[in-house]
Number of protein chains: 2
Amino acid sequence: MTSAAFDVLGIGNAIVDVISHSDEAFLGQHGLVKGSMMLVDEARAEALYAAMGPGVEVSGGSCGNTMAGVASFGGKGAYIGKVRNDQLGGVFGHDIKATGVSFETKSATEGPATARCLILVTPDAQRTMNTYLGACTGLGPTDIDAKRVASAQVTYVEGYLWDALAAKQAVLKAFEAAHAADRLVSITLSDSFCVHRYRDEFRALIRDKVDILFGNEAEIKSLYQVDTFEEAMEATRKEAKIAALTRSEKGSVVIKGSETWEVPAAPVAKVVDTTGAGDLYAAGFLFGFTHAKPLAECARLGGIAAAEIISHVGARPQQSLRSLI
Amino acid sequence: MTSAAFDVLGIGNAIVDVISHSDEAFLGQHGLVKGSMMLVDEARAEALYAAMGPGVEVSGGSCGNTMAGVASFGGKGAYIGKVRNDQLGGVFGHDIKATGVSFETKSATEGPATARCLILVTPDAQRTMNTYLGACTGLGPTDIDAKRVASAQVTYVEGYLWDALAAKQAVLKAFEAAHAADRLVSITLSDSFCVHRYRDEFRALIRDKVDILFGNEAEIKSLYQVDTFEEAMEATRKEAKIAALTRSEKGSVVIKGSETWEVPAAPVAKVVDTTGAGDLYAAGFLFGFTHAKPLAECARLGGIAAAEIISHVGARPQQSLRSLI
């Protein structure tokens, strides 16, 4: 393994978040399941947007948030994701590059607009997400530069990519390129409904290819179709090489073979918006991992990043994560 | 004077803010004057954006912020301003309508893009603004519906409109329509550099047409080319019918003929971003004024709205202003 130009290369759905506050009643009126991510088509996205309150637009996308976090820790990151050459695509590209992450994926010059995620934050700080994938559906294997992948210590992808047509092929190509260069690959399960949609594929991928698995309690229980976290841990232990499982205020658990590390959550004065908690946990963990930290320290860094992100509205860090460690 | 469909009708530059944090050095490197608004062309806007850190996009525009504030108090508002039919234009239109403000101005279908204001917030919470007017330069007299103007108790405009070619004619048409219907008209001086650009016109307008004048200490001193606030007050008293002058943490002063009301600022736990302080002061004042409150109470409501807006990033209220009074 030669020295790496990048610590982490991320592949994800390139999305601009539209964040708005709503009450619980709004979710009910529009048939939304609190805390989950739902895919919506353009017409539904427009109808929902028309009904929503005023919004704030911030670059998002699960993996994009993670990469912004890696950069905020001082890590070297690269990102692959597809926007259109429209205004929101310009916003996404500007923001990820402005964090210091290398982003060279060609924008689509035709077809659907840059993806948007309509996020409703309820008074309990939970976020309910409605994603119009738009240009993300254009991401495919031709967007994967094998040399670029080979130049990163870890390639990290989001489970959400399975929703974006050719993106799965892009991921598989990247995983091949990474392993061919003796690099590691990592995936987040993204969302329990996403796990439900692609359970068998995800399980096979984790058994056969994935080096580091990220998931929260609901996702890992859905993956192994078990009722308790303890059962999920044991199933994970059998199938995953390294797994970092997050449990909100209970912190996280790292599993590797017969070993287990339980790491408490970092303290948070006030939880304002949980959007991006998992994304930033992965950022801290991967930053630590690619800087040769022990797994428990990786988990602790993940917790620090997650604590910063849930203390304000929006899923990109508002202060230097490096300054927090 | 018949009963009014709207409390306040606002006319302004319809702008989407792009808010980013920066240090003082960045301002120096790019020749920016802290605390001021500078007009930039498209090329300069793009160069500055490329150099800026990650941003948050929020609907803005001085008068748009004021109207969102009026609506947040529970007032009935209408807004006139020009965007293009592009993504940021869609964001602006959505947001102002989502606050409850009536907005029917036709979007431009060609020409420059929706206006953007690149706002750099320094660690001292001051904002430095760089505005690309874009589609705003298309606002003109044909966008003014005299009946709509006549249906509002007060027509409120921003001095910044003088920068937007035909917008001045639009304002003059609106003022005529308002006075023809026995309604009142109001203007904010917007910015001391803006006052410098249009001093003579503003002074004539204030003497001859304006019923309620808004300005801060720097602006009113620039308007009358005097060195002290006391001199500015006396000059204002001679030329303006009613003037509400803001002085940051010193609160505000309302002047009407020989009468003067000094109203202290509302307390703020931590000043995070002063963007929109003047806009929201005008919102509170005009809400009070159109609900028949005494002038001192109007100023107090202005102070409450300003305090809310400077306690967070962004120039649109994040909590119901009605709930604060």
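These questions and answers go through how two chains of a predicted model are related, paired and packed. Residues are numbered from 1 along each chain as its sequence is written, and chains are lettered from A in the order in which they are written. Local features need pLDDT of at least 70, side-chain atom pairs count only at pLDDT 80 or more, and totals for chains, interfaces and linings use all residues.

Q: What makes the relation of chain A to chain B that of a two-fold axis?
A: Chain A can be laid on chain B by a turn of 180° and a shift of 0.0 Å along the axis, with an RMSD of 0.0 Å. That is why the relation is that of a two-fold axis. Copies are superposed by least squares on the C-alpha atoms of residues with pLDDT of at least 70 in both.

Q: Which residue of chain A comes closest to the rotation axis?
A: Glu57(A), with its C-alpha at 2.4 Å. The same surface serves both copies, as 95% of the contact residues of chain A recur in chain B.

Q: How many residues does each chain bring to the contact?
A: Chain A brings 19 residues and chain B brings 18 residues. Two residues are in contact if their C-beta atoms, placed from the backbone, lie within 7 Å. H4(A) gives the most to the side of chain A that touches chain B, with six residues. Helix H4 covers 87-98 of chain A. Helices (H or I, at least four residues) and strands (E, at least two) are DSSP runs, numbered from the N terminus.

Q: What joins E4(A) to strand E4 of chain B?
A: Three bridges, with the strands antiparallel. Two strands pair if DSSP finds at least two bridges between them, so E4(A) and E4(B) pair. Glu57(A) stands opposite Glu57(B).

Q: Why is Lys293(B) called partly exposed?
A: Lys293(B) has 16 other C-beta atoms within 10 Å. A residue is buried if 20 or more other C-beta atoms lie within 10 Å of its own, exposed if 12 or fewer, and partly exposed in between; C-beta atoms are placed from the backbone. Therefore Lys293(B) counts as partly exposed. Lys293(B) lies in the loop between helix H10 and helix H11 of chain B.
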